[in-house]
Amino acid sequence: MLWRPRRPGQPPGPEPLGEEHTPMTEQNNDLQTYAPPQVFVDQANGGPELYEQAEAEGTEFWARQARELLTWSKDFTTTLDWSNPPFAKWFEDGTLNAAYNAVDRHVEAGNGDRVALLFEGEPGDSRSYTYAQLKDEVSKAANGFASLGVGKGDRVAVYMPMIAEAVITMLACARLGAIHSVVFGGFSAEAVRSRVEDGEAKLVVTADGSYRRGKPTTLKPAVDAALEKGGDSVQHVLVVKRNGEDVAMTEGRDVWWHDVVDTASTEHAPVEVGAEDPLFILYTSGTTGKPKGVLHTTGGYLTQGAFSMKYTFDLKSETDVYWCTADVGWVTGHSYVAYGPLVMGATQVIYEGTPDSPHRGRFWEIVQKYGVTIMYTSPTAIRTMMKWGEDIPAEYDLTSLRLLGTVGEAINPEAWVWFHRVIGGGNCPIVDTWWQTETGAHMITQLPGVTVAKPGSAQRPLAGVKVDVVDEMGESLQNGQSGFLVVREPWPSMMRTIWGDDERFVQTYWSRFDGMYFAGDGARFDDDGDIWILGRVDDVMNVSGHRLSTSEIESALVSHPTVAEAAVVGAEDETTGQAVVAFVILTDDAAQEGHDKAELGEKLRAHVGQEISPIAKPKRVLIVPELPKTRSGKIMRRLLKDVAEDRPVGDVTTLADQTVMQQIVDSLRD
């Protein structure tokens, strides 16, 4: 018998689904559902009792998980302090070390020979690290960082490609009690500068470069450019030699990894830290231009990360080969590459490159090469590979796979079904996970040995997590009604604040609804009580799983000398989920110069890529005579979204000038 846990407000205990749900697929209200194969159910880590236990035990459910899944140097006596909401303290008087939990304890338990990391470079070079070897590398890095003056509480900015040294760096920081701040390697020098300055980083760890679609790239020059404009707190830049590109080295500041780390001792005692001591800062886009430094602490973050590794991914550490395709520059690479898998003692693959280099079968070649059993990737990647055709994955042996997962955005049913059928051979449960940088770990997801999956729906809260869908007044909505997705109770891996700005933390996440965390997403419960995520309801877009602020992109556009004003919207896109479409008004001087609109549009796209990141480049830049505004001056982006998605323009009665939209449409037609 399979079970469905109940939604908030229903009586405790799971609701039986009935024996009729045990076949692999069936039709339910015109929606095909997928039950897990019985062989998977029989060996699954988690059953319906997880939901029952979480309901019955309350916060002590998490205390039990923390003690069972982590090693504490000093046990905690208090599970949750919620005396000053929304500032939570989990396991506050306990002490531990994240790197010890990710590496040392596995060696001490006799699993030092187990492979921890299987690194695959884009050019095809590869290297593996056992847990014993990883312990040595992390210890050497910790000693090397300490020799550069890094200690407990110091911030270390990390601007790295997806190589083993990136994970080693994060763990070395944790070993020292230092706080890492990873900046995605595709971000611009300006993005590096703002994050280094906000966190007052003492050390920057980077690489000479990496490889991207068969060509060498550079990273170090962006760090140099960033530090020319700011970052006075930085004392050293530590550089990994990855691809041998010539890079400038500033005497007295810049040092090579191989000179500092490779020569260091492999003996290093992990620093004992409090459960509430900071582990990392990770910046994410906000509805205002300045990115938010999301702060995560140690004990609660590791607890929920380890718990979700064990149960969402049904991880069997002794036999599974796990691969999360995310970069460590994003929270997925923190929780489900650097920490979660290693804390649970997994063997995992990390890959430097893209799905199409050196060929479009690269992902499947890696699955075949390493015998990957669990694969966690994005809907954008899946949709891209769908376009390339089924004949490409058909060339590879994918029978090692037993579980698939998606992350970053809601997956459309067509892509879900393709992933299930073509990649999973119809036999792999898919976990469609909803969570955020701010939540730290999975919040809504299937439990793979329990849930009858509905393509396109994340379905149910993780055991121990309380989410709801509410109306404008914060009242729970009935099934079938769309509203705002909220979390009603604190959870262990929740962000603790915005770095240096408690007030912004309160205003951004806790002011919309009294006593509830507002995620910024819309959602609805269907007739079965399953959750469907409806996308952002604020000014943040989700493009290929990356959160991009409309105001940040607009600011980048306006910084170009030809642009007087800009408005950005997210338009539906069959590959990336959402695509950035920009509407710009030229300055009088630029308009008089008679620019070619297509050529200028390309220049503005490139400008955004340089100012923020290539992932933020608008798919289209449309030069228009005016923007639709209300009498109070607010830009009506919903009308621009109608144009971007080629729909009839909606109600214009609230505009100060109701002819503006027709002017825009006529201009674009011309």
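Student: Into which domains is the chain divided?
Tutor: The chain is divided into domain 1, covering 38-525, and domain 2, covering 544-668. Since this is a predicted model, everything I tell you here is computed from it.

Student: How far apart are the C-alpha centres of the two domains, and how many residues does the contact take from each?
Tutor: The C-alpha centres of domain 1 and domain 2 are 33 Å apart, and the contact between them draws on 24 residues from domain 1 and 18 residues from domain 2.

Student: OK, helices now. At what angle do helix 3 and helix 10 pack?
Tutor: Helix 3, residues 59-69, packs on helix 10, residues 299-311, at an angle of about 80°, and their axes are 9 Å apart. That angle makes helix 3 roughly perpendicular to helix 10, because angles of 65 to 115 degrees count as roughly perpendicular.

Student: And which residues meet there?
Tutor: From helix 3 the residues are Phe61, Trp62, Gln65, Ala66 and Leu69, and they meet Thr303, Gln304, Ala306, Phe307, Lys310 and Tyr311 of helix 10. By type, the residues of this contact divide into 7 nonpolar, 3 polar and 1 charged.

Student: What about helix 2, which of its residues are buried?
Tutor: In helix 2, which spans residues 49-57, the buried residues are Leu50, Tyr51 and Ala54. Seen down the axis of helix 2, these buried residues fall within an arc of 100°, so they line one face of the helix. In general, an α-helix has 3.6 residues a turn, so residues three or four places apart point the same way.

Student: What do those buried residues pack against?
Tutor: The buried residues of helix 2 pack against helix 3 and helix 10, the pair with an angle of about 80° between them.

Student: And what follows helix 2?
Tutor: Helix 2 is followed by Gly58, which has a positive phi, near 65°.

Student: Which residues have a positive phi although they are not glycines?
Tutor: Among them are Gln459, with a positive phi of about 80°, and Asp646, with a positive phi of about 60°.

Student: Where are they, and is each one buried or exposed?
Tutor: Gln459 lies in the loop between strand 24 (430-432) and strand 25 (467-470), and with a relative accessible area of 1% Gln459 is buried. Asp646 is placed in the loop between helix 19 (637-644) and helix 20 (660-669), and with a relative accessible area of 71% Asp646 is exposed.

Student: Where is Thr433, and is Thr433 buried or exposed?
Tutor: Thr433 is in the loop between strand 24 and strand 25, and it counts as buried because its relative accessibility is 4%, where buried means under 20%.

Student: Which residues does Thr433 touch?
Tutor: Leaving out residues up to four places away in sequence, Thr433 touches Thr312, Tyr376, Thr406, Val407, His442, Ile444 and Thr445. As for Val367, which is 66 residues apart from Thr433 along the chain, the C-alpha atoms of the two are separated by 21 Å.

Student: Last topic: which peptide bonds are cis?
Tutor: Among them is the bond from Pro85 to Pro86, with omega near 10°, and Pro86 is in the loop between strand 5 (80-81) and strand 6 (89-90). A cis peptide bond also joins Ser357 and Pro358, where omega is about 5°, and Pro358 is in the loop between strand 21 (347-351) and helix 12 (362-370).

Methods. Residues numbered from 1 in each chain as written. Predicted model: local features only at pLDDT ≥ 70, side-chain atom pairs only at ≥ 80, totals over all residues. Heavy atoms only, no water. Axes fitted to C-alpha atoms, helices over the stretch in contact; angles between N-to-C directions. Helix = DSSP H or I, 4+ residues; strand = E, 2+ residues; numbered from the N terminus. Parallel < 35°, antiparallel > 145°, perpendicular 65-115°, else oblique. Contact = heavy atoms within 4.5 Å. Nonpolar A, V, L, I, M, F, W, Y, C, P; charged D, E, K, R; others polar. Buried < 20%, exposed > 50% of the residue type's maximum accessible area, 1.4 Å probe, protein only. Arc of directions from axis to C-beta. Domains from an automatic or database assignment.
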